[in-house]
Each structure stands twice: as C-alpha cells, then as structure tokens.
Amino acid sequence: MQSRVKLGSFLRGIALGSTALFVASIAPAKAQDAAGQTVITAARYVDVLTGKAVEFPAIFVGPDGRITNIADARTVRWGSNVKHIDLGDKTLLPGLIDMHVHLDGPADIGGYRGLEFTDSFWGMTAVKNANDMLGAGFTTVRNVGSSDRNDIGLKQAIDAGYATGPRIVPAGYALGATGGHCDSTFLPPSLEKKDGKEEGIGDTPEELRYQVRRQRKYGAEVIKVCATGGVFSRNTEPGQLQVSEKELAAIAEEAHQWGLRVAAHAHGATGIRAAIAAGIDTIEHVSLVDDEGIRMAVARKQPVWFSMDIYNTEYTQAEGAKNGVLEDNLRKDREIAQIQRDNFRKAVKAGVRMVFGSDAGVMPHGQVGGQFRVMVEYGMTPLQAIQAATKNAAEALGREKDVGAIAVGRYADIVAVDGNPLADVRQLESVDAVVKGGVLVRGN
C-alpha cells in the first residue's frame, strides 16, 4: 500500500450439454410465489465450485438476501409477489472478492501531498472508493489496514444503510514494528506521537498480542501485520525482515484464539518463509519469494494463500510521479515489479493456493478488474483467475457459507457480463450489472 503522510499517522464456449451435470441443483418445475422473494434470470451462470456453466438459471433470493433456490427458468413459474431481475443474455458470476484493498487511500495522492489534507479527509474518500469497487463488481473486500479505523466505520455505515459499498472485512490498524513499513516513517521526531507508540506498533510478542486484542476489541475482523519492509514507505526496503518469526507466531496464535485470520505483508523471501512457518493465513505481495517459500506454501497442512498484486505497477509507474510519489518509492516499485510477476507464474505452476488481491489504493479502486488479464498472462487459466476472486477468496476468509459462489444459502452477490469470461477474462474489466444481496445496484 502506498504510504501517505498525515499527522498522527472479475457460455457460450462451454458445452451446452453441461447443463445435464447440474440436475441435482435444478429444482423441479413448480410455482414460486413468496412475498419478499426476488428471482434473477439470465442466459447462464458460472458455477465456480465445479468450473462449469449452467444454462437458463432462475436464482431465487429470500428477504435476507440469501439464495433459497436455483431452478430452470424454462420450466419454473413464479407469481406476481416475486420481484424479477431479468439480466437477459448475460453470463452471471459470483460477486468478486478483493482480498487486499485500502479504501481510505486515494491513488492520486502520494508522498508528502498527504499533508495538504485534514485527518478526517481520508475517511471521506473511502466512501467513493468503496462505491467504485462495488460498481466494478467487487461485492466483498478485505481492507488490510486503515487510519483512524476508517474501514470499520465505513463497514458500519454501509451495513446500516448510510453508504453504498461492498461487504467489508476490516482490519483496523495494521500491526508492525517501530520504524517498519506499517509505522509512520515520513515525519521527523518532533511530529511523532509523544505518549508512546503509534497505534498497531509493537516490538515484542507480548506487545503484538495486545495489539491483536486491541484491534479486535474495536471491530477488526482480520489482523494485518507488516512482516517486511515495503515499497511505498520511507526508510524501509521490501526484502527486510522487520517482525521476527517468534513475533509472527504470537500474532497468529492470538488471532486464531479469537477466531480471526491473519494477513502478512511480506515482500522478502525471509519474511515470507517466517510468516508461513508462523501459521499466518495469507501472505500479501510475495514479491521476492524463493523456491523454498513456494515449497513451504504448497506443503503446509494448514492452508496458506498467496495474494499477489501483479497489476498496479502499470498505474504507479505511469502516474506515480505526477501524484507526488517519491522517486525512492518508484525505484523500489520498478525493481520488484517483474520479479513479482515471474514469481506469480512459478507459484501458480507449483500449485500454491492463490487469491485475488489488488492493493487498490496504490491504483484506482474502480480499475482493479484489470488484474484478471495479468493473472492469465502469467500462468492462470481464466477459470483459475475467477476462482481466485470468488471460491478461493471465500475459503481464505472462512466465509464459504456467505460469499464466493452462486449457491443456495450464500448471499445473492452476483455480477453480469455480456460475453464468456471463461474464454475472455477481460470481460471482468468492466462488468455490466452488479447485484448485492439480491438488490440490483448497477445496471438495468
């Protein structure tokens, strides 16, 4: 994530006969007439759990926004009390999930330009950024670190109906070491906090355990830790290990005790290996991973997922200087960009579990669908890329009962595209309709 300076701190090409494979999921023809229900129809949907396309779905949604039934629209009937969302000849997919975003980070404000704005400014920008992500088809996002717990406040506002946006899995403040990537490294000592460490900062296993408890206390649903240096911070290098394996293990143990999962920012090979060994659930960026790190990720009994943001460099290198990003940060960005993409290919080939993570905030939030193209260019099939942002991401979140597939019991979070995304994943660069919880929020 791009550090900012502020005081305080996602068919037709599928055999049509595949419909027969889904007889078990297609309800018999019968009237569907229940007050408060919605039915969503289209030409087909992609079942990401099987990798197949299902023709002529009628997806019934209850008043709670969850899918109650998936029927054959050619035979099923529904009454006048059922609201009908007809998406015509489009292909439906589950709502997309981005596992690495920063909603309160406008991409066009970098470096010391952040000092132009008051503290509350960043939370205000998060409202637009969340709306942009929802419009891009991302109905769930994991916000891995914010200032002033802006992600938690925005989640509460969206859930209460005061704002529009995706489902947010918030982290609150990211954890890290004094002087590390998640600490404030742009300001002189005279402007630092006088009465102790910045929020989220700890230098012993005990201090970091406390920070896990503190973030959870105030609404965090995932814990983020910066295990290594970073690209868009000052006085850190991406390869530097900044939080020890012992400290990472304490964070993971404490978070897991409270039922929370942990994401570790880790560019460097040593930090990646330490995070995997410590029991961290998702490894973010993973730019400089070595063969041993990949082997460890594949072999670990407890699933570990790689979240690799391999698209945003196209934006940062083109627009960063204009936005105020410092040359030293752009240097680091240039140095690791191609290495990260090559390592993405190696990880995919080796069978590492992968999720979609864009680092939105480093790049504009509405453009993150562009990453699907790069994921396919660097070794994934279109289906694998789609699954990374749906099925896999839901598993990594531990929310398989809620999101990540068009399936009975899960929220009716759905996106629609004109073409066949299993043949052309670039269909997800600009989706045509978005449904969240059975409500059409984009398209007509």
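On the side of domain 1 that touches domain 2, the elements giving two or more residues are β19 (433–436) and β20 (439–442). β19 gives the most, with 3 residues. Strands here are DSSP runs of E, at least two residues long, and helices are runs of H or I, at least four, numbered from the N terminus.

The model is predicted: local features need pLDDT of at least 70, side-chain atom pairs count only at pLDDT 80 or more, and totals for chains, interfaces and linings use all residues. Residues are numbered from 1 along each chain as its sequence is written, and side-chain values use heavy atoms, with hydrogens and water left out.

**Stop 1: the two domains.** Select 34–95 and 405–443 for domain 1, then 96–367 for domain 2; these bounds come from an automatic or database domain assignment. Their C-alpha centres lie 32 Å apart. The contact (heavy atoms within 4.5 Å) takes 13 residues from domain 1 and 12 residues from domain 2. About 910 Å² is buried between domain 1 and domain 2, and carbon and sulfur atoms give 58% of this area. Buried area is the accessible area (1.4 Å probe) that two parts lose on being put together, summed over both.

Now select aspartate 413 and arginine 167, which form a salt bridge with the closest N and O atoms 2.8 Å apart. A salt bridge is a side-chain nitrogen of Lys or Arg within 4 Å of a carboxyl oxygen of Asp or Glu. Between domain 1 and domain 2 the count is 1 salt bridge, while the structure holds 32 salt bridges.

**Stop 2: glutamate 199.** Select glutamate 199, in the loop between β12 (167–170) and α3 (205–217). Is glutamate 199 buried or exposed? Glutamate 199 counts as buried, at 18% relative accessibility. Buried means under 20% relative accessible area, exposed over 50%, and partly exposed in between (1.4 Å probe, protein chains only). The glutamate 199 side chain makes a polar contact of 2.9 Å with that of arginine 149. Glutamate 199 also forms a salt bridge with arginine 214, at 2.6 Å between the closest N and O atoms. Arginine 214 is in helix α3, so this pair ties together parts that are 15 residues apart in sequence.

**Stop 3: histidine 256.** Go to helix α4 (residues 245–257) and pick histidine 256. This histidine 256 is partly exposed, with a relative accessible area of 32%. Show aspartate 281 as well: the side chains of histidine 256 and aspartate 281 make a polar contact at 2.8 Å.

**Stop 4: serine 287.** Select serine 287 in the loop between β15 (282–285) and α6 (291–299). Serine 287 is buried, with a relative accessible area of 0%. Leaving aside neighbours within four places in sequence, the residues in contact with serine 287 include Ala266, His267 and Asn343.

**Stop 5: helix α7.** In helix α7 (residues 313–323), select glutamate 319 and lysine 322, 3 residues apart, about one turn of the helix. Their side chains meet in a salt bridge (2.6 Å, N to O). Lysine 322 is exposed, with a relative accessible area of 64%, and glutamate 319 counts as partly exposed at 24%.

**Last stop.** Select Lys155, Asp159, Glu221 and Arg399, which are linked in a network of salt bridges.

How values were computed
A polar contact is a pair of N or O atoms within 3.5 Å; within protein, one must be able to donate a hydrogen and the other to accept it, and residues adjacent in sequence count only if both atoms are side-chain atoms.
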